[in-house]
Amino acid sequence: MAATPRFRKDAVAATDADPHLDPARDSASADRKHPVDETLPPLRMFTSGLQHVAAMYAGVVAPPMILGPAVGLTPKETAFLMGASLFTAGLATLLQTLGFWRIGARLPFVNGVSFAGVTPMVAIGKDRGHDGIAVIFGAIIVAGLLGFLLAPYFCKLVRFFPPVVTGTVITLIGVSLLPVAFNWSQGGNATADDYGSTTNITMAAVTLVIVLALRKLLRGFLQQIAILLGLVVGTLIAIPVGITDFGAIKGADLVGFPTPFHFGAPQFEVAAIVSMCIVMLVCMTESTADMLALGRIVDRPADERTIEGGLRADTLGSAISPLFNGFMCSAFAQNIGLVAMTKVRSRFVVAAGGGILIVLGLVPVAASVIALVPLPVLGGAGIVLFGSVAASGIQTLATAALEKGENALIVAAAVGIGLIPIAAPDFYHAFPKDALVVLDSGISTGCVVAIVLNLAFNHLGRKPDPDPSPQEQSPAAAAPVAAH
């Protein structure tokens, strides 16, 4: 059930406050759907949804590509895990966008395999084969169910996310993703001979220029799918250059279903469960920040109920995923950048993307077509996507009254600490592995620091402002962003 657009209440209140407003015009405004709840023509729905899939595809298949060989799976079994991850990402995305009961944020919110769990999952299942996968799946099921029960309480943290915190976290989300784009631009595999070659970096630069040129020259719908068009053009250019791999299509099956518990019944080990529960808390923190960021971008600020529904979808999707051989699901921040750039705010577009992901999981040969996009091409487009997220965070910070009190200091400390895992990846190498689940995430550490410092400087021991501004009254107050 779609949430009631907020501006309907505002329209009624405005009519009561000003009798000179046109009642007919006000009625029309009240009946108009919020852009988040609008549906688009079928072709626009499909192509815009496909654009979201193209932006997040590499992020979905990367964790199983890493985990499969680490636990001792064969290449064919690893490919099966990749298809299952696409399928479960589609299910989780539908839970978020369409939802039911009080489950789902009902925002254009993409879900997929969380990269935060890769390191602990490798540690849990290393060289244990099918038993290792079964233990990982058992731990994810327990962590998902625990997160589902915690969602109604965890969502209340929204009161600790005023603009000075949300702006910092949104900026960190974008900045943290940029190294991913840089890695893709170099080829994605640091052990490959051509990693960082002039060919790869040139292709990334060409794709970046193509995307920018299309955004400048095109209008209307074509401008909205400039990323997708840029990926297509970049891939076509990459074919004669020789960096497009057609091997995935040759070895792909026509049809395949992620057989439930393909690797055996889930197994439950205490140490593994504790590790994945910590990962779940990290994912919930990041998803909360992502929902606040997306709410600002689509002009429907995320309140406690929205965040509760989003966290329930995250955690339920994670608990269900192991049934179909998938992993823990969380928000994909790169798609927030796509929403900000294209200004297509419809959640049904992202739901269409979720449907495409399910099809890709069921038809491996179709998934291999998406995989044709070379990583350098994806990296060139990713620079724009992830940079858009950071730009939205900077715009939010512009409304955070940095000249007031110690707000600038809060941002400085949170951003500085949040950048440690990016600027110095081995900074925490001497810490326990379990602690690295949190410390290696700049988004999580920066978020915690921003919340704690905001409480210390702006709340503890300070009398309330006798005349607070609307933004200070509500942490969910809307701020101007790039996409409206």
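Modeller: Start with Tyr428, which is buried at a relative accessible area of 9%. This is a predicted model: local features need pLDDT of at least 70, side-chain atom pairs count only at pLDDT 80 or more, and totals for chains, interfaces and linings use all residues. Residues are numbered from 1 along each chain as its sequence is written, and side-chain values use heavy atoms, with hydrogens and water left out.

Colleague: Why is Tyr428 called buried?

Modeller: Buried means under 20% relative accessible area, exposed over 50%, partly exposed in between (1.4 Å probe, protein chains only). Tyr428 has 9%, so the term buried applies.

Colleague: What makes Phe427 and Tyr428 an edge-to-face pair?

Modeller: Rings of Phe, Tyr and Trp (its six-membered ring) pair if their centres lie within 6.5 Å; planes under 30 degrees apart count as stacked, over 60 as edge-to-face and the rest as tilted. Phe427 and Tyr428 have centres 5.0 Å apart and planes at 85°, so they are an edge-to-face pair.

Colleague: How many aromatic pairs does the structure hold?

Modeller: Five. One of them is Phe137 with Phe327, at 5.5 Å centre to centre and 45° between the planes, so this pair counts as tilted. Phe137 sits in helix α6 (residues 129-154) and Phe327 in the loop between α13 (304-320) and β2 (329-331), 190 residues apart. Helices (H or I, at least four residues) and strands (E, at least two) are DSSP runs, numbered from the N terminus.

Colleague: Are Phe137 and Phe327 buried or exposed?

Modeller: Phe137 has a relative accessible area of 1%, so it is buried. Phe327 is buried too, with 1%.

Colleague: What puts Arg312 over the face of Phe148?

Modeller: A charge sits over a ring if NZ of Lys or CZ of Arg is within 6 Å of the ring centre and within 35 degrees of the ring normal. Arg312 lies at 5.7 Å from the ring centre of Phe148 and over its face. Arg312 also forms a salt bridge with Glu308, with the closest N and O atoms 2.8 Å apart.

Methods:
Salt bridge = Lys/Arg side-chain N within 4 Å of Asp/Glu carboxyl O.
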